[in-house]
Amino acid sequence: MEMRDMTLTSFTAALASGDAVPGGGGASALTGALAAALGAMVGNLTIGRKKYADVEAEMIELTEHAAQLSRRLLALVDEDAKAFLPLSRAYGLPKDAPDRDDVLEACLRRAADAPLRILKLCCETVELCEHFAEKGSRLAVSDAAAAAALAGGALRGAAVNVRVNTALMKRRDYADELDRETATSAYGDRADRIYAAVMAGYDRPGR
């Protein structure tokens, strides 16, 4: 069974177990998928409302994009697990195996690829959350903030899962390039600002 088809109870039990997968990458992908889905919910609660007729076309486009991101991130739950398993086996190769370094390097590259893709999709999700928070239904603005918070956590989780692999790579030029792609402070801070702005809206005198 694909991990994305597991029940929530089964997935969280597998995550809590001593098995190598799912791990931080898969959890980040799932969290990102939930963030994007929550953003899509805000869009769907906005579409068709007369009050938001002037942003309807934009909301339809944003909502479709968010739903697509959610599906892609959900697929990466399994892709991350499949990429990590060869690496876990490679660590078991004898230290004196002549091709050990090459095998490890290839596996490290593959293991870093999935969380990097997760990270980039989560960055896209943060961008969408900003639009949902600014232009979506005021009745669902808290959901846009929750989506931003989830996306921010997911992209940071994905980032550290890239770095744990690049730190062990022998080809430092390749590793450094991936590390540069992994720089997420701008999007993490952006997610934090979205969340803070919505929270500030509830901070009124007398409350």
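Biologist: What makes the contact of Arg171 and Asp173 a salt bridge?

Modeller: This is a predicted model, and in it the side chains of Arg171 and Asp173 come to 2.9 Å, N to O. The cut-off is within 4 Å, so the pair counts as a salt bridge.

Biologist: Why is Arg171 called partly exposed?

Modeller: Its relative accessibility is 42%. Buried means under 20% and exposed means over 50%, so Arg171 falls in between. Asp173, at 47%, is partly exposed by that rule too.

Biologist: Which residues do salt bridges with shared partners join into one network?

Modeller: Glu79, Asp113 and Arg117. The count of salt bridges comes to 13.

Biologist: What makes Asp78 and Arg4 a salt bridge?

Modeller: Their side chains meet at 3.5 Å, N to O.

Biologist: How do you know whether Asp78 is buried or exposed?

Modeller: Asp78 has 6% relative accessibility. Buried means under 20%, so Asp78 is buried.

Biologist: What makes Arg190 and Glu127 a salt bridge?

Modeller: Their closest N and O atoms are 4.0 Å apart, and the pair is listed as a salt bridge. Arg190 lies in helix H7 and Glu127 in helix H4, 63 residues apart. Arg190 has a relative accessible area of 21%, so it is partly exposed rather than buried, which needs under 20%. Glu127, with 29%, is partly exposed.

Biologist: How do you know that the span of helix H3 agrees with its number of residues?

Modeller: Helix H3 runs over residues 56-90, which is 35 residues. At 1.5 Å a residue, H3 should span 51 Å. Its end C-alpha atoms are 51 Å apart, so the two values agree.

Biologist: Where is the kink in H3 centred?

Modeller: On Val77, with a bend of about 30°.

Biologist: Why is H2 called roughly parallel to H4?

Modeller: Two packed helices are described by the angle and the distance between their axes. The axes of H2 and H4 come within 10 Å and cross at roughly 25°. Angles under 35 degrees count as roughly parallel, so H2 is roughly parallel to H4.

Biologist: Which hand does the crossing of H2 and H4 have?

Modeller: The crossing is left-handed.

Key: Residues numbered from 1 in each chain as written. Predicted model: local features only at pLDDT ≥ 70, side-chain atom pairs only at ≥ 80, totals over all residues. Heavy atoms only, no water. Helix = DSSP H or I, 4+ residues; strand = E, 2+ residues; numbered from the N terminus. Expected span 1.5 Å × (residues − 1). Bend = angle between axes of the 7 residues up to and from the residue. Buried < 20%, exposed > 50% of the residue type's maximum accessible area, 1.4 Å probe, protein only. Axes fitted to C-alpha atoms, helices over the stretch in contact; angles between N-to-C directions. Parallel < 35°, antiparallel > 145°, perpendicular 65-115°, else oblique. Left-handed = near helix turned anticlockwise from the far one by under 90°.
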